[in-house]
Every structure is written in C-alpha cells, then in structure tokens.
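Please open the model in your viewer and keep the selection panel at hand.

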Amino acid sequence: MDLIFEGIKKAFLLLVTLDREVLGITFLSLKVSGLATIISVLIGVSTGTVIALNAFPGKRIVVSLVNTGMGLPPVVVGLFVTIFLWRNGPFGFLGILYTPLAIIIAQAIIATPIVMGITVAAMQQLPKKLRLQILALGATRLQMVWMLIKEARLSLLAAIMAGFGGVISEIGASIMVGGNIKGYSRVLTTATVMETSRGNFDVAIALSIILLLLAYFINLILTHIQQKERPR
Amino acid sequence: MKKITHSFIAFIALVLASSVLFVPSVYAQQKNIILATTTSTQDSGLLDVLIPVFEKKTGYFVKTIAVGSGQAMAMGQKGEADVLLVHSPAAEIKFVADGYGINRRLIMHNDFVVVGPAADPAKIKGIKSAAEAFKKIAAEQGLFLSRGDNSGTHAKEKSIWKASGVKYEDEKWYQQTGLGMGQTLNVASEKRAYTLTDRGTYLALKKRLDLDILVEGDAILLNIYHVIEVNPAKFPKVNIPGGKAFADFMVSKETQGIIKTFGVDKFGSPLFFPDAGKKVEDLGK
C-alpha cells in the first residue's frame with residue numbers, strides 16, 4: 001500500500017516539477033497514439049461506411065474479418081511490422097524500424113479494424129428509409145453519406161475512443177517496432193514495463209497514473225464533443 | 001456542429017504538423033547505430049550513463065535494443081544490428097567463427113551469483129561450487145526460476161546445470177519466466193525461489209527484493225561482456241563506421257574509467273569491472 005502512495009507522490013512530483021524526460025515520453029505517447037488514431041479514423045470510417053452501405057457478395061465474410069481484426073493482438077502486429085521493416089525486409093529501404101513512425105504504423109494497423117468494425121455496426125443501425133429520404137430530398141450520394149455520418153456521430157465518436165484507448169494502452173507492438181529507445185521512441189507503456197523490470201516501482205506507478213490521466217483527458221474531450229448535441 | 005468540425009480539423013492539423021518532427025530521422029540514417037545488447041546493461045543503468053557521452057562525442061545516434069544476448073546475436077546474424085554488447089562467450093565465439101561478427105573485444109566483467117530467499121530451504125548458503133549448489137537445489141526440489149530466453153544468463157545457467165549433472169528440464173521445481181533479468185528477480189522474490197543473476201542487476205534492484213546472495217565467487221560464475229562489430233562483408237546495410245566507433249568508444253580509457261566507478265555512489269561498490277585490453281584467462285584473479 002505504501003508503494004502506491006509513494007507512486008502517487010512521485011507522479012505528482014514528476015508532473016509538478018515538469019520532469020523533462022517524463023514530459024517528453026508523455027507527449028510522444030500522445031503524438032504517436034493520436035496520429036495512429038487519426039489514420040485509423042480516416043481509413044476505418046471511410047471503408048467501414050462503404051462496407052455498411054453496400055450490398056456485395058461475401059459481405060458477411062468481410063464484416064466477420066473486420067470484427068476479428070478488432071481483437072488483433074498487438075504483439076502479432078508488432079512482429080509482422082518488424083519483419084516488414086527490417087533492413088533486409090521488403091520495406092527495409094525506408095529505414096524506419098525503431099522510430100516513432102514505426103510505432104504509428106503498427107498502432108494504426110491495430111486501431112483501424114476497431115474503428116472500422118464499430119463504424120460498420122453504427123451505419124447499419126441507421127434506418128434504411130433514412131437513406132431513401134435523404135436522396136429523395138435531392139441530396140447527392142456524397143451529401144447523403146455525410147448526412148449519415150453525422151447521424152451516426154455518437155457511435156463514431158465511441159469508435160474513435162475505442163481506437164485511441166486500444167493504442168495508447170498497447171505495449172507489445174510499441175516495444176518491438178519502437179525499441180523503447182530513451183528520449184526517442186520510449187512511450188508511457190514501454191517506459192512503465194522497463195521501470196518495473198528495473199525495480200523502480202514508484203516511477204512505474206507514477207507513469208501509469210500519468211497514462212491514465214492522459215487517457216482520461218482525451219476521452220473527456222471526445223465525450224464532450226459527443227454529448228454536446230443530444231440526438232434528436 | 002460546425003464549431004465541432006472546426007475544432008476537430010484544427011486538432012488534426014496540429015497533430016499532423018507536429019508529425020513533421022519525425023521526418024528528419026528517416027533521412028539521417030547513417031548517423032544511426034543499432035546497438036543490440038543484453039537487458040543487464042540497460043536495467044543496471046550503465047548505458048544511460050555511457051550513451052549520452054558517446055553521442056555527444058561522435059554525433060551518432062544510438063538506438064539501444066535491449067534483449068537477451070541470444071536475441072541480440074540473432075539480430076546480428078540477420079544484419080539488423082551494427083554492434084553488439086553481449087555476455088554469452090561460447091555463443092559469441094561461434095558467432096564470430098561463423099563470420100557474422102568481427103573484432104570481438106573484451107569490455108568488462110562482473111559475476112553471476114545464485115540468489116534465493118533468506119530462509120534458504122535447500123540449504124545452499126556458503127557452498128563454494130555453483131554446480132554443487134545446483135545439485136542440492138535439485139535434490140531438495142527447491143523452486144528454481146530460469147530466464148529461459150537464450151540470454152547470456154540463461155546460457156550460463158545451462159552450463160552450470162550441465163556441470164552439476166542433474167536432470168532439471170521438465171521438473172516441477174524448475175520454472176522458466178521467459179522475462180528479462182530484472183523481472184525474473186521480481187518473480188523470484190515473490191515466489192521465494194532461487195535464481196541465477198548477474199550481480200549488477202541484482203545490486204541495482206536489491207532494495208526491492210526479498211532475496212539474498214547465497215553462492216558467489218566460483219570461477220564458473222564469471223560474467224564477461226564483449227563488444228562485437230557486425231561483419232559488414234555479409235551485410236552491406238550495416239553501419240560500419242558507426243559500429244566501429246561505438247566499439248572503440250567502449251574500450252577507450254575514458255569509458256573504462258566511467259565503468260570502473262559506475263554504481264559506487266549508489267550501491268557502495270562498482271557494478272562492473274573494466275577489462276579492456278586484458279585477457280579472459282586473467283579475469284577474476
């Protein structure tokens with residue numbers, strides 16, 4: 001129990017004194033996971049909408065694959081991204097293994113199916129007649145899709161939160177493709193694991209608390225946006 | 001709704017703009033060195049002291065990947081690292097003989113110790129020979145935790161088991177964590193188990209551990225670190241000058257001096273003994 005208090009004290013100390021290393025790690029976590037989430041939203045919402053609004057052969061298989069992808073283990077993603085990015089791998093010429101960029105790629109791969117899966121469900125939940133109605137009012141197809149996205153925004157914001165939550169808390173891929181390099185690719189989760197293995201439990205607890213606070217504030221902002229306008 | 005969209009776009013733009021900061025790293029490749037090393041050099045904090053000195057001096061950027069010695073050499077074998085700092089001599093000699101590495105140089109040593117709960121259920125405290133102590137642990141079926149990860153420590157542990165001549169694999173009292181040294185020590189402390197550890201990591205974590213040193217000082221327990229440059233003849237993408245610069249830095253007088261005093265202020269005794277230029281046979285004498 002003492003340890004937890006010590007950790008809280010340490011977290012407070014690190015935050016108040018604006019410890020440069022901890023601040024760097026925190027900002028990097030936010031940047032990496034934020035960018036990965038944005039990429040996953042761009043891909044996930046667009047592709048998810050296309051899947052949801054169109055009927056095509058094998059749709060169920062595609063949707064089931066996307067839904068399975070929602071549980072994609074980060075270590076598996078990490079392993080494959082590592083193999084692809086190795087110097088002697090197919091994308092070795094990019095030279096981006098053990099960089100924050102590699103973490104963004106891996107995390108985007110993890111978050112995309114999550115966002116896509118929830119998008120598909122959200123779009124399919126909208127009444128079918130709504131589409132006809134919007135089109136009947138003279139909207140173009142693009143306008144219709146935009147209207148539907150706005151209509152489903154509660155669920156879509158939930159999708160963004162789920163995607164962000166999935167990657168900010170993820171460790172397996174970050175440590176494999178990022179390498180946990182001090183001052184460069186060390187994020188909150190990988191730093192926590194390292195401090196734990198170093199026996200610095202107070203620092204590890206402090207980092208965990210910072211991670212939780214960060215996740216909370218991001219979700220607070222998203223929830224604020226989500227709840228601002230009550231659905232009609 | 002418009003306001004929300006705007007704030008969203010602003011947020012996205014902000015994050016995208018900040019991502020530009022990542023770009024230079026892609027172009028500055030030749031300035032990067034990938035150092036594959038063991039967890040003990042990172043968990044003890046030694047590299048946190050040495051690497052900034054090296055970077056400041058040479059302008060290189062070191063990407064330290066802390067894994068077990070086995071995995072570090074596997075990275076070297078694929079040309080995915082430029083220089084290795086490892087402690088698994090038998091495997092290292094094979095690594096160099098197979099043409100994957102060049103210029104293997106002695107850096108430092110400390111020693112392994114057998115640690116366990118103070119109660120010492122297998123009564124191994126004070127036994128001089130590590131192999132004898134392992135035999136006793138097996139006979140008494142004391143819980144023993146192995147790294148089980150092909151690290152240098154794991155290799156050393158296997159060689160001690162071999163010397164003891166007892167059967168240990170698949171035994172109930174023998175468990176593998178598959179984790180780094182620091183984490184394995186934490187597990188051993190919780191489970192009141194015996195384990196083999198390098199002294200450096202043990203000393204660094206000691207304050208949190210419920211483990212005592214039970215066996216030490218046996219010649220077989222010597223823990224020797226070498227630096228090896230990955231053979232550029234085999235892998236054209238290896239950063240040859242970078243790897244060499246780091247290896248040269250490790251044997252330099254200044255670095256050896258830092259190693260000599262590292263940990264003294266914190267633990268009262270050094271964690272590693274610098275050995276550059278010495279012969280392996282003379283160590284520990």
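Two strands count as paired if DSSP finds at least two bridges between them, the strands (E, at least two residues) and helices (H or I, at least four) being DSSP runs numbered from the N terminus. This is a predicted model, in which local features need pLDDT of at least 70 and side-chain atom pairs count only at pLDDT 80 or more, while totals for chains, interfaces and linings use all residues. Residues are numbered from 1 along each chain as its sequence is written, and chains are lettered from A and ligands numbered from 1 in the order in which they are written.

Begin by selecting residues 83–86 of chain B, strand β3, which pairs with β9(B) in the antiparallel sense over four bridges; within that pairing, B:Val86 stands opposite B:His226.

Next, select residues 101–116 of chain B, strand β4, which runs antiparallel to β9(B) and is joined to it by eight bridges. Here B:Ile102 has B:Glu229 as its bridge partner.

Now select β9 itself, residues 222–230 of chain B: eight of its nine residues are buried, so the strand is largely enclosed by the rest of the structure. Buried means that 20 or more other C-beta atoms, placed from the backbone, lie within 10 Å of the residue's own.

Finally, turn to chain A, which holds eleven helices and zero strands. Its C-alpha trace spans about 65 × 45 × 25 Å along its principal axes, and buried residues make up 44% of its 232 residues.

Technical notes: Buried ≥ 20, exposed ≤ 12 C-beta atoms within 10 Å, placed from the backbone.
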